[in-house]
Amino acid sequence: MLSFKPLIDRRIQSLFPVVLYSILILGTARLVLDSLKSSQSHVFRLYGRPHGGRNRLPVIVLPEDRIAEDCNVFEGKWVWDNVSYPLYEEESCPYLVKQTTCQKNGRPDSFYKNWRWQPDGCNLPRFDPLKLLHMLRNKRMMFIGDSLQRGQFESMICLVQSVIPEGKKSLQRIPPMKIFKAEEFNATIEYYWAPFIVESISDHATNHTVHKRMVRLDSIANHGKHWQGVDILVFESYVWWMHKPLINATYGSPHHVQEYNVTLAYRLALETWANWLESNIKPLTQKVFFMSMSPTHLWSGNGNLEVMKTASMSHTQSKVHTGATGSNLEIMEILHDTLQKLKIDVTLLNITQLSEYRKDAHTSVYGRERASS
């Protein structure tokens, strides 16, 4: 598998003194923590000014919350933890769509919820929803992409909503967006449907075609106007590109549709995205992340249900690779090349390998309600 280590190290040790710790767990808690940024001491950061003009209280970063800057948080193993995990239960969060409520849809086992990601070179601090909300005070965080990003968005708000009193939180649907607001923090966590990042005929959030796809490889302005000024942008785009080896697209003339090899189309789309970033992002006030591909975990044969049963991890396993597919190395190289050429800093969330280990955590046949047998 292509190694992203030099890129990850460079991005984590970016021009800001940043400590990034991010875990995106398939099927359960998928979270992206805001970068913990300090001034000189690596102890705290002041997050903006309230309307009264006085400095806000600092968000304290305790010693146990710090991660060495040379630690690659994306290399590690899954360890069994039925004491502190799961971080939230499905039934406790009213914001999950039915495609992600596996247990409500009939999944009989729950072991998939009790695995914790353990990096090889450091320990991740336990997720603190109140601390994250303080970090997001007067800020906007937006997840951009397909239904996988919607899962990240939903898990993020499920992780924080329990500490927000009733009446002080809301979820608004304004297609192609969903906006969760924590009123007391004047903070929003948002989701924007853009499966190809660039514009396409599939951009309607609910009324879009799956099998017929046409992408406008050099058009992004209609999306970009919704991204401008957002403090934290988390992009993702992969699965929708992989339907077939060829894809209908336009480039240059909006009326000239032709077939493109998917990898070439993906490269052109990322170039359009990169140009938008360089023209619109203010590096001193905005942070940009890109989440690497999540394996599709396609498996052959006639027994998806049986595979789900046999793929569950035992309590003694720390790593599992059960022949998951869907990780396209050429796509990974295109992403690597695009990020290397960017003139602004983008942090890669390299979740591909840690996700490959977790075939058991894919929604699979439990993405819809199953009749009881």
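Select C93 and C158 first: with -80° about the S-S bond, their link is left-handed. This link is a disulfide, with the two sulfur atoms 2.0 Å apart; the term disulfide denotes a pair of cysteine sulfur atoms within 2.5 Å. C93 lies in the loop between β7 and β8 and C158 in helix α3 (residues 147-161), so the pair ties together parts that are 65 residues apart in sequence. The labels for helices (H or I, at least four residues) and strands (E, at least two) refer to DSSP runs, numbered from the N terminus.

The model on the screen is predicted: local features need pLDDT of at least 70, side-chain atom pairs count only at pLDDT 80 or more, and totals for chains, interfaces and linings use all residues. Residues are numbered from 1 along each chain as its sequence is written, and side-chain values use heavy atoms, with hydrogens and water left out.

Remain with this pair and consider its surroundings. Are C93 and C158 buried or exposed? C93 counts as buried because its relative accessibility is 7%, and C158 counts as buried at 2%. Here, buried means under 20% relative accessible area, exposed means over 50%, and partly exposed lies in between (1.4 Å probe, protein chains only).

Next, select C71 and C122. These cysteines form a disulfide whose sulfur atoms are 2.0 Å apart. The torsion about their S-S bond is about -65°, so this disulfide is left-handed. C71 is found in the loop between β6 (59-60) and β7 (76-80), and C122 in the loop between β8 (115-119) and α2 (129-135); the pair therefore ties together parts that are 51 residues apart in sequence. Both C71 and C122 are buried.

How many disulfides does the structure hold? There are two. When bonded cysteines are counted along the chain, the disulfides follow the pattern 1-3, 2-4. Another cysteine to select is C102, which is buried, with a relative accessible area of 2%.

Proceed to two peptide bonds. Select Y85 and P86, which are joined by a cis peptide bond with omega of about 10°. P86 lies in the loop between β7 and β8. Then select P175 and P176, where a cis peptide bond also has omega of about 10°. P176 is placed in the loop between β10 (169-174) and β11 (177-182).

The next stops concern the backbone angle phi. N186 has phi near 50°, a positive value in a residue other than glycine. N186 is located in the loop between β11 and β12 (187-193) and is partly exposed, with a relative accessible area of 37%. Move to I197, where phi is near 65°, again positive in a residue other than glycine. I197 sits in the loop between β12 and β13 (199-200), and it counts as buried at 2% relative accessibility.

Finally, display two helices. Two packed helices are described by the angle between their axes and the distance between the axes. The axes of α5 (residues 262-280) and α7 (residues 329-341) come within 10 Å and cross at roughly 25°. Axes are lines fitted to C-alpha atoms, for helices over the stretch in contact, with angles from 0 to 180 degrees between N-to-C directions. The two helices are therefore roughly parallel, a term for angles under 35 degrees.

Methods:
Angles under 35 degrees count as roughly parallel, over 145 as roughly antiparallel, 65 to 115 as roughly perpendicular and the rest as oblique.
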